[in-house]
Structure formats: C-alpha cells, structure tokens
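This report goes through a structure from its sheets to its chain contacts and aromatic rings. The sequence and model are shown first.

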Amino acid sequence: MNLAVREAFRAFNRAPMLSALSVTTIAFSLFAFGLFGLVAVNMRAALDQVEERVEIRGFVAAGTAPEATSAAVGDIAAFPEVGSVRLVTEVQALERARRELGEFQDVFEAGILPASIEVRLREGYRDPETVRTIARRFEAYDFIDDIRYGEEWVEKLYNMRNIATAVGITLGLIFAGVAVIIIGSTIRMAVLARSREIHIMRLVGATDGFIRAPFLIEGFLKGLLGGLLALALTYVTYTFVGQYLVQATYFEPALAVFGVLAGALIGLLGSAVSVGRHLRRV
Amino acid sequence: MIRFTHVSKQYPRGGPALDDVSFHLNKGEFAFLTGPSGAGKSTILKLIYVGERPTHGEVRVAGQSSAVMTRSQVPALRRRIGVVFQEFRLLEDRTAEQNVAFALEVIGTPRSQIGPKVARVLTQVGLAAKATSLPHELSGGEQQRVAIARALVNDPLVLLADEPTGNLDERATRGIFQLLRDINANGTAVLMASHDLNLVRTTNYRTLEMNHGKLVYDSGAAAPPEPAPGAPPSGATDTGAVA
Ligand SMILES: Nc1ncnc2c1ncn2[C@@H]1O[C@H](COP(=O)(O)OP(=O)(O)OP(=O)(O)O)[C@@H](O)[C@H]1O
Ligand SMILES: [Mg+2]
C-alpha cells in the first residue's frame with residue numbers, strides 16, 4: 001500500500017501539468033455545483049421565511065353570532081394541519097388598519113372592515129395542495145363570506161423551488177459526469193504512461209488489486225484536492241457576494257465536508273470505472 | 001514440473017499457433033526451444049506463464065492446471081516463474097537495483113528483505129558494481145543481466161528465456177548463456193527459446209524443436225541436465241534447414 005501511495009504521488013510528479021489540469025477541472029465542476037448549492041441553500045432559507053407567512057384568511061359575514069365564530073375557531077384549531085387560529089374582530093381589524101396606515105386612519109369607520117379568522121399552517125403543511133384543501137374546508141362554513149390565501153403566490157413559489165431543485169440535480173449530475181469523464185481520460189493517459197511498468201508488474205506476479213490501487217488513490221486525491229479548491233472558490237464568491245450584493249448564508253461545516261468528500265468520491269468512482277477498462281488494453 | 005498435454009493454441013486473430021503439443025520438463029532441467037520464426041516458441045512460453053490460455057489440451061505448471069486456474073490464481077503462479085525477453089524490458093528511469101527491487105516491491109515483499117535480496121542476485125549475475133547505473137548506461141549484455149536478476153530475485157522454479165541473446169553480439173551471448181547455465185547448475189530449471197543454432201549445438205542440452213506449431217523433434221525427455229559426453233544427435237540435420 002505504501003508503494004501504491006508513492007506511485008500515486010509519482011503520477012502527480014510525472015505529469016504535473018496534466019494533474020493540475022484535472023484537479024482544476026474537477027474543482028470547476030464542483031465549483032459550479034457548489035455555486036448552485038449556495039443559491040439553493042439561500043433560496044431555501046428565503047422560501048422557508050416566506051412559507052412561514054403563508055396564511056389563510058376567512059372573512060366573517062356581518063351579523064354572525066360570536067358563538068358561531070368561536071365554535072368555528074375551535075373546530076379549525078383541531079385540524080392536524082393547523083398551527084394556529086386567530087379571530088380578528090371588527091374592532092381589532094379597524095385598529096390594525098389604523099396602525100398600519102397611520103396617516104389615513106380617519107378614513108376607516110367602525111363596521112367597514114369585517115371580522116376574520118386567520119389560520120396559519122404547521123410546518124410541512126404549507127404546500128399549495130394542503131393550503132387549498134384547508135381553504136375549501138374553511139369555506140364550507142356558511143358565515144364565511146370570502147377567503148384569501150394568495151394561492152397563485154404560494155404556487156409560484158413552489159414551482160420555482162421545484163424547478164430550482166430539478167436544475168440543481170441535473171446540473172450536478174452533468175458536472176459529476178464531466179468530472180468522471182475527465183478523470184477517466186487522465187487515467188487512460190496515466191495507464192499508457194505506465195504501460196511498461198504494468199506489463200512488468202503483471203509478469204512478476206503483482207495482483208490486479210495492487211496494480212489498480214495507485215490509480216484509485218490518484219483519483220481519490222485529485223477529487224479531494226478538487227473538492228478543497230472548489231470549497232475555497234465558493235467561499236471567495238460567497239464573501240464577494242456578501243460584500244457587494246446581498247447578505248447570504250454559507251454551507252454549514254458538515255455540508256462543506258460532505259462536498260469535499262463528494263469530490264473525492266467522484267475522483268474515486270471516475271478512476272474505478274475506467275481503470276479496469278484501460279488496464280485491460282495494455 | 002511443466003507438462004503440456006495435447007496442447008493446441010489458436011489466437012483469436014490468426015491461424016493455429018500450436019498444434020497438439022505434448023512434452024514434459026523436469027525440475028532443474030535445461031532445455032532449448034528452437035525452430036523457425038513463427039513456429040510457436042514464444043507461444044509455448046506464454047502458455048507457461050499464463051500470458052495466454054490453451055485452446056485445447058492442458059498446461060500444468062508447478063501442479064497448477066490451466067484447465068481450472070482462475071484469474072486470481074495467476075499472480076501466485078507467476079511469482080514462481082522468471083521470464084526474460086530479447087528486448088530486456090527494463091524501466092528506463094530506474095537504476096539496475098531499482099529495477100530488480102521493483103519486482104519484489106510489487107508483490108509485497110517486506111522492505112527489510114528487499115535490499116539484501118537485490119544485492120545477492122546482482123552479485124550472482126555479476127553486476128554488483130553497476131547496481132546504481134541506469135539502463136542506458138549499461139551494455140546490452142549488462143541490461144540482460146539486470147533482467148535476469150529481476151527474474152531470479154524471487155527464487156523461481158523455472159526461468160523462461162525468450163531469445164535472451166537475440167540482441168547481443170557473440171561475446172555477450174556467450175556470457176549470458178554461461179550465466180543461464182550457472183543458474184541452472186544452482187537448481188533452477190531453464191527453458192530457453194533460441195534461433196541461435198551455433199549456441200544450441202555447442203552443448204548437449206535437451207532440444208525441443210518446433211515447426212509450424214508442432215513439436216517436430218525432442219532430443220530426449222530423459223536427458224540429464226548435465227551435458228552428456230558424445231556428439232549431439234541428429235538434431236543438427238533436423239535444424240539445418242532453419243539456418
Ligand atoms: N497475439 C497474437 N495474435 C495472433 N497471432 C499470433 C499472436 N502471437 C503469435 N501469433 C502467431 O502465432 C504463431 C506463432 O507465434 P510465436 O510468436 O509463438 O512464434 P515464435 O516461434 O516465437 O517466432 P519468433 O522466432 O519469430 O519469435 C505465428 O504464426 C504468429 O503470427
Ligand atoms: Mg518468439
């Protein structure tokens with residue numbers, strides 16, 4: 001194994017330009033992946049905030065008995081999807097409107113604004129489907145005049161997020177594929193460069209695993225280096241964006257480690273899939 | 001120790017390279033493998049070190065049969081066989097001793113054993129003084145000695161030599177041949193493919209002659225490894241056409 005590690009490092013020395021090239025290409029693949037990841041992480045955070053504000057509001061018809069509304073509030077609170085229910089009376093509605101629209105407060109008179117029941121959903125139940133179901137159940141009460149829940153808005157957000165996820169996974173896979181191909185051709189060249197040694201190794205009885213090991217280690221190390229480089233690049237970009245554009249969040253340490261390990265894994269897999277094929281040819 | 005039983009070999013692309021070849025090589029024996037170009041000499045050696053598999057028949061080497069040997073068993077067998085070629089096949093960027101050590105490193109020999117083994121075998125082939133020379137700093141004969149040292153360092157049962165003197169002048173040829181005889185005298189079997197009839201005729205070693213993939217002449221499976229007194233048998237007329 002000692003020898004295999006040494007051989008892997010020799011491969012770096014033997015073709016420094018090629019090795020540097022493959023490390024940087026892996027880094028750029030992962031960098032693109034990482035950039036997307038950052039966008040996704042930040043968008044997710046934004047969506048979570050927006051989602052928290054998802055609210056269904058039912059307006060209570062004028063003249064509804066307070067007992068009826070409070071009974072309804074009790075019922076609605078018992079739905080498993082519902083996080084909180086709040087009754088906003090006509091008076092409260094007026095007060096809130098006045099507070100929010102300070103200088104126009106004289107415009108409002110008691111009785112203009114209807115009372116409403118405001119429902120917030122639990123986390124995990126804020127998708128458009130659930131929102132619509134709850135809204136329909138809500139509407140079933142006779143005394144609910146009108147209902148608002150910004151359905152288009154919620155749906156758009158969700159679509160955006162789904163598209164973003166799909167684009168992310170697709171791009172990620174494409175970049176990983178590119179990295180694997182690059183590593184594969186690097187291995188091909190490395191195998192050709194070492195074909196004499198490989199012949200001799202076989203002749204004197206080295207095992208397949210032993211012959212393979214340096215290539216796998218080389219791929220692993222290149223992937224690891226590429227991953228670290230990509231991490232550095234994303235961090236620089238993140239700092240830059242934070243300074244000049246918007247305040248963003250960076251990967252959590254565990255996710256960063258995971259990203260670097262993913263690089264190493266791509267390197268290892270790229271080597272593993274091609275080393276057998278190329279070794280058979282020399 | 002090496003036994004061919006009705007062995008035929010057909011390469012995927014090409015005609016029959018071996019046709020119903022049977023012979024047996026004993027432990028510690030020395031034998032020449034002769035015959036014109038394309039007769040199948042190299043193919044026989046390849047079948048012994050499992051560089052190729054027979055199409056028909058069975059090749060047994062050191063108790064292992066080609067019929068049942070798996071891919072993963074091949075390395076262990078090769079560790080008991082030394083092979084040298086006409087074109088030496090040394091690693092150009094490594095010194096003589098590094099070339100020999102390489103053969104031990106890649107089979108996982110403990111570090112502490114590598115140095116002494118390499119020194120001993122380089123002394124045996126007469127190259128102790130050139131241990132740190134690179135191949136291009138050595139003569140052809142010296143390079144072949146390095147290759148022989150590499151083949152011997154793991155104490156093989158048999159040394160297979162495919163035209164080992166093919167690239168050498170007469171003086172170097174005699175030197176290498178003498179070395180192979182010394183190695184054989186120490187108990188290692190030697191099977192040497194050679195075109196060089198002068199060389200073959202100077203000794204009474206057993207001769208296997210190939211032609212068109214057939215074993216056409218065997219000077220005697222029972223021949224003792226030591227050169228017997230008396231003139232070489234009719235082998236001279238058999239091989240005369242080749243020269
Ligand atoms: N890998 C191969 N693929 C196809 N045909 C081959 C292959 N190797 C050898 N042959 C054929 O098999 C036959 C025997 O070849 P082999 O190399 O054993 O001959 P040889 O006696 O060693 O010849 P030489 O003295 O020239 O080295 C030849 O006809 C050759 O063309
Ligand atoms: Mg040949």
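The model is predicted, with pLDDT of at least 70 needed for local features and 80 or more for side-chain atom pairs, while totals for chains, interfaces and linings use all residues. Residues are numbered from 1 along each chain as its sequence is written, chains are lettered from A and ligands numbered from 1 in the order in which they are written, and side-chain values use heavy atoms, without hydrogens and water.

**Sheet of chain A**

Helices (H or I, at least four residues) and strands (E, at least two) are DSSP runs numbered from the N terminus. Two strands pair if DSSP finds at least two bridges between them. In chain A, 4 strands form an open sheet in the order E2-E3-E1-E4, with antiparallel pairing. Strand E2 (82-88) and strand E4 (144-148) of chain A are at the edges with a single partner strand each, so one side of each lacks a neighbour in the sheet. From one strand to the next, the twist averages 20 degrees. Between E2(A) and strand E3 (residues 116-121) of chain A there are 6 bridges in the antiparallel sense, and A:Leu87 stands opposite A:Ile117 in E3(A).

Two helices are described against this sheet. Contact is taken as heavy atoms within 4.5 Å; axes are lines fitted to C-alpha atoms, for helices over the stretch in contact, and angles run from 0 to 180 degrees between N-to-C directions. Helix H3 (residues 66-77) of chain A packs on the sheet and touches strand E1 (55-60), E2 and E3 of chain A, its direction making about 170 degrees with that of E2(A). Helix H5 (residues 128-139) of chain A lies across E1, E3 and E4 of chain A and runs at about 15 degrees to E1(A).

**Sheet of chain B**

Chain B has an open sheet of 4 strands in the order E2-E1-E4-E5, with antiparallel pairing. Its edges are strand E2 (16-25) and strand E5 (64-65) of chain B, each with a single partner strand, so one side of each is left without a neighbour in the sheet. Strand E1 (residues 2-10) of chain B is joined to strand E4 (residues 56-61) of chain B by 5 bridges, the two running antiparallel. E1(B) is also joined to E2(B), antiparallel, by 6 bridges. B:Arg3 has B:Arg60 as its bridge partner in E4(B) and stands opposite B:His24 in E2(B). The hairpin of E1(B) and E2(B) has 5 residues between the strands, and B:Gly14 in the turn has a positive phi of about 135 degrees.

B:Thr43 is placed in helix H1 of chain B. With a relative accessible area of 7%, B:Thr43 is buried (buried means under 20% relative accessible area, exposed over 50%, partly exposed in between, with a 1.4 Å probe and protein chains only). Beyond its neighbours within four places in sequence, B:Thr43 contacts B:Lys9, B:Tyr11, B:Ala17 and B:Leu18.

**Contact between the chains**

In this model, 17 residues of chain A are in contact with 20 residues of chain B. The two chains bury about 1700 Å² between them, 55% of it on carbon and sulfur atoms; buried area is the accessible area (1.4 Å probe) that two parts lose on being put together, summed over both. A:Ile200, A:Leu203 and A:Val204 supply 35% of the area that chain A buries against chain B, more than any other three residues. Among the buried residues in H7(A) are A:Ile200 and A:Leu203. Just after H7(A), A:Gly205 has a positive phi of about 100 degrees.

A:Thr207 is in the loop between helix H7 (195-203) and H8 of chain A. This residue, A:Thr207, is partly exposed at a relative accessible area of 34%, and A:Thr207 touches B:Pro75 and B:Arg79, not counting residues up to four places away in sequence.

**Aromatic rings and charges**

Rings of Phe, Tyr and Trp (its six-membered ring) pair if their centres lie within 6.5 Å; planes under 30 degrees apart count as stacked, over 60 as edge-to-face and the rest as tilted. Over all chains there are 13 aromatic pairs. One of them, A:Tyr238 with A:Tyr250, is tilted, at 4.9 Å centre to centre and 40 degrees between the planes. A:Tyr238 lies in helix H8 (residues 208-244) of chain A and A:Tyr250 in the loop between H8 and helix H9 (253-281) of chain A, 12 residues apart. A:Tyr238 is buried at 18% relative accessible area, and A:Tyr250 is buried at 17%. A:Tyr235, A:Tyr238, A:Tyr250 and A:Phe251 form one aromatic cluster.

A charge sits over a ring if NZ of Lys or CZ of Arg is within 6 Å of the ring centre and within 35 degrees of the ring normal.

| Charged residue | Ring | Distance to ring centre |
|---|---|---|
| A:Arg137 | A:Phe79 | 4.4 Å |
| B:Arg89 | B:Phe85 | 3.6 Å |
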